[in-house]
Amino acid sequence: MSPLLVFFLVLPLLLESKAKAIEAGDNCSLITHQITGKIGGAINYSSRLGKEQKVAMEMAVEDYFRSSCSKQLTLQLEDSGGDSSTVASATTELISSKQVQSIIGAMTAQETGLFSEVDMNMKNIPIISLTSPAITPPSMPHQLPYFLQMSNHITLHMQCIVDIVGHFKWRKVTALYEHKNGFSAYSGIITLLSDKLKVVNSEISYHSDLSSLSSISNPEITIEQELIKLRSKSNRVFIVLVSSLELAILLFEKANQMRMMEKDYVWIVTDEIASLLDSVDSSVVNNMQGVIGFKTNFARTRDTFKRFKSRFRNKYGSKYPEEEEYSNPSIFALRAYDATWAIARAMEKSQGKITSKELSGNILSSNFEGLSGTVRFENNVLWQSPSFQIINVVGNSYRVMAVWSPKFGFSQSEEKYNGATANSSLKSLGPVYWPGGMPSTDPRGWAISDADIPLKIGVPAMGAFKQFVRVTFDQTQNATCVTGFTINVFEAVVKRLPYNLPYVLVPFYGTYDEMVEQVYRNGLDAAVGDTEIMADRFQYVDFSQPYVDSGLVMVVTQKSETSQTTWMLKTFTKKLWLLMIAMHVFIGLLVWLIERGNNTEFDGIGTMLWFSVTIIFYAHRQPLTSNLSRLVLTPWLFVILIVVASFTASLSSAMTVSRLEPSVLDIETLQRTNAPVGCNGNSFIVRYLINVLLFKPENIKKIDSIHDYPEAFETGYVKAAFFVEPHAKVFLGKYCRGYTKAGPTLKLGGFGFVEFSPLCLLLVSPHIIILPKKTDSYTSILSLVFLLRCFQRVHLWLLTSRRQPSKL
């Protein structure tokens, strides 16, 4: 190609460049003051977060130069290395050697305060911290007046976690956070989270401080050992409070290998990890399937952000080509960009050499709309009214389940924060894909671990009514099987617990009182069965609310109500028979008196008597001549018609339907005649008959099985039997002919489950109120809230301590 041709091709480009330079010079000539300053940055070059912040800060300086023509604003960056000691070294280098006027970095207030005691210059220079979340000690504005935090306060993050935990009603959680060489500021988060969890009736059962990767010689083994420790515990709700992305990636990789990302496990991540999920590859996301978390919400649809995102991807991809595919800016990059602009604007306000106090004051007075939102500081912390996207990791990415804000709680979107959707349930916003696969019921947050001690639940093996508790031995499985209505009730209650309850049913071959005593003496942790709630048992144990209403009833044989010779007379009562005869004679006499003067048919008294007899059958032949006689006789004829019809109906009923009555009407008759009575020999009824009803002990016969009662009645071994009401219903349902209840029902406490008294008095309430429910037995299962709470706290208490035997 000839030189002349090359000259003509390059000439237009040179002219355009010259024109732009002249135009820029003209614009800059209009500015009377150009700032001069140095901004320092202590950034971890090896982390994804640090790389994003480095690129964003460089872009901020470039953009500010283009907008203000400031050629004296420079950016000095140092590698912080990711731990506290390196951060201090990098900060000292920026202050002493490079003489920066302000620093942006990932240092905490505690770390800055500690190192400022060694280097006083660090205390006297404005520092903007990019750590998230912001943990501000109460004394920080006084001890470090120039320290600012470019992030939301930790209390907002904790409140979001508490709302998630409270929504799913998890009672225990495990907290994990990264510890940095002994200078971690995050140990106080545990106390803060613990205090806030109390509001939703939850608590931290265990917390683990994980060392940073840079301080561990073999990170994989260290993480694996900590996960083994977590897996050995019963709690299955893990909250990763504070962690670098690199540590989180290794943590979830190991958790996936150790099968801790399967059913019944819950993992919650905070903004520090969730906001970087757009910057990781698919292998990381695959290890985090089912994880839920929250990330800071910001305006992603604004044109300024779209332009910034396009430029950021190009610049980040050119600097780190191995990560070009995942070069989306996170909220932390936006905050680094806005922090750089805040310092540059603060420097621009000064007309000469700016002091640290003046620069810090100018930064604190910042109030502009940045990429991350409104940039304004209050009490040295970024003031914003943030909202968080609640996300659920599914497939190759994540889905946004809801938007949370401290003012409105959960909502479908930020635009729908109103009274109708405030504090709406996450369930209404779609299913949650938990670890382990497809969406299902919410995890209980609790599972049986090797360290759990199963509760020993006693069941009566010698009860007379096997319909309630039946203990059998299955030879095919070589195991003892416990079935029955009471066991079904107990299992239904356990299924409603928010976690798995380890227990084993232990058959007890003794009386009910002895089984209750074993609960008191630590031989059993609790007892399940058709155990009656009695006042004298409360001095040893406590009971759940009754799941079946109960009372003491007497069952006797039946006998015919009347003999065959008297059923006609029994049709009406004696008073009614006498009244009818008297009225009949009176009516006949009255008619005879009226008619005998004028009617020859009514001459003698015999005629009057015969008239009274024939009138019953309407066969009288004497005519009535007086209207007064007819007036007297007419209503009586109607009465006779009604009486005859009633007599016919009652007589027919008495002849066709047998009338039965109890052979013994009341308890007093049994006591007066010294009649023998029967009852279940293993139950409290023996004591009740002797101590309360005052039966003689020799008159009480102990019967062991429901099938022995009919023979005892037939042979005269007993004249009556006493049952608790549920047992009586079973007996009368099985032997429906020949037996009936007699006498009053003596009210009792009902059937309840037995628990250790001092424990329940300490953990549940000082008094137990027994309120029997007049409902169906299966319906009453749903009302056993007291029982759920008792067994939950009994179980948790037994895991940490074992009771010492007490004396009766």
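**Hairpin and neighbouring loop**

Strands E11 and E12 make a hairpin, with two residues between them. This is a predicted model, in which local features need pLDDT of at least 70 and side-chain atom pairs count only at pLDDT 80 or more, while totals for chains, interfaces and linings use all residues. Residues are numbered from 1 along each chain as its sequence is written, and side-chain values use heavy atoms, with hydrogens and water left out.

On terms: helices (H or I, at least four residues) and strands (E, at least two) are DSSP runs, numbered from the N terminus. Two strands pair if DSSP finds at least two bridges between them. E11 covers residues 367-370 and E12 covers residues 373-378; the two run antiparallel and are joined by four bridges. Gly370 has Gly373 as its bridge partner in E12. Phe368 and Gly370 lie on the covered face of E11, and Asn367 and Glu369 on the uncovered one. In a regular strand, side chains alternate between the two faces of the sheet.

Phi of Asn380 is near 70°, a positive value in a residue other than glycine. Is Asn380 buried or exposed? Asn380 is buried, because its relative accessible area is 9%, where buried means under 20%, exposed over 50% and partly exposed in between, with a 1.4 Å probe and protein chains only.

Asn522 also has a positive phi, about 75°, and is not a glycine. Asn522 is in the loop between helix H16 (512-520) and strand E21 (526-527). With a relative accessible area of 15%, Asn522 is buried.

**The open sheet**

Next, a sheet. Eight strands form an open sheet with mixed pairing, in the order E7-E6-E8-E9-E10-E14-E15-E16. At its edges are strand E7 (203-211) and strand E16 (409-411), each of which pairs on one side only. Neighbouring strands are turned by 30° against each other on average, direction ignored. Within the sheet, strand E14 (residues 388-394) and strand E15 (residues 397-405) run antiparallel, joined by seven bridges. Val394 stands opposite Ser397 in E15.

**Helix packing**

Two packed helices are described by the angle between their axes and the distance between the axes. Helix H2 (residues 48-68) packs against helix H13 (residues 331-348) at about 35°, with the axes 8 Å apart. Here axes are lines fitted to C-alpha atoms, for helices over the stretch in contact, and angles run from 0 to 180 degrees between N-to-C directions.

Contact means heavy atoms within 4.5 Å. On the H2 side the contacting residues include Leu49, Met57 and Tyr64, and on the H13 side they include Phe332, Trp341 and Arg345. By class, the contact divides into 13 nonpolar, three polar and four charged residues. Ala, Val, Leu, Ile, Met, Phe, Trp, Tyr, Cys and Pro count as nonpolar, Asp, Glu, Lys and Arg as charged, and the others, Gly among them, as polar.

H2 also holds Lys51. Lys51 counts as buried because its relative accessible area is 11%. Leaving aside neighbours within four places in sequence, Lys51 is in contact with residues including Tyr316, Tyr320, Glu322 and Glu323.

**Cores**

A nonpolar core is a set of buried Ala, Val, Leu, Ile, Met, Phe, Trp, Tyr and Cys residues joined through side-chain atoms within 4.5 Å. Which residues touch the most other members of the largest nonpolar core? Leu227, Met260, Trp267 and Met288 do, out of 76 residues. H13 gives the most to this core, with 13 residues. A second, separate core has 61 residues, including Val459 and Phe695.

Not counting residues up to four places away in sequence, Met260 touches Leu227, Phe238 and Trp267, among others. Leu227 is also in contact with Lys254, a residue of helix H9 (residues 245-257). Lys254 is buried, with a relative accessible area of 9%.

**Whole chain**

To finish, the totals. The chain has 26 helices and 29 strands. Of its 808 residues, 49% count as buried. Among contacts between residues at least 6 apart in sequence, 72% join residues at least 24 apart.
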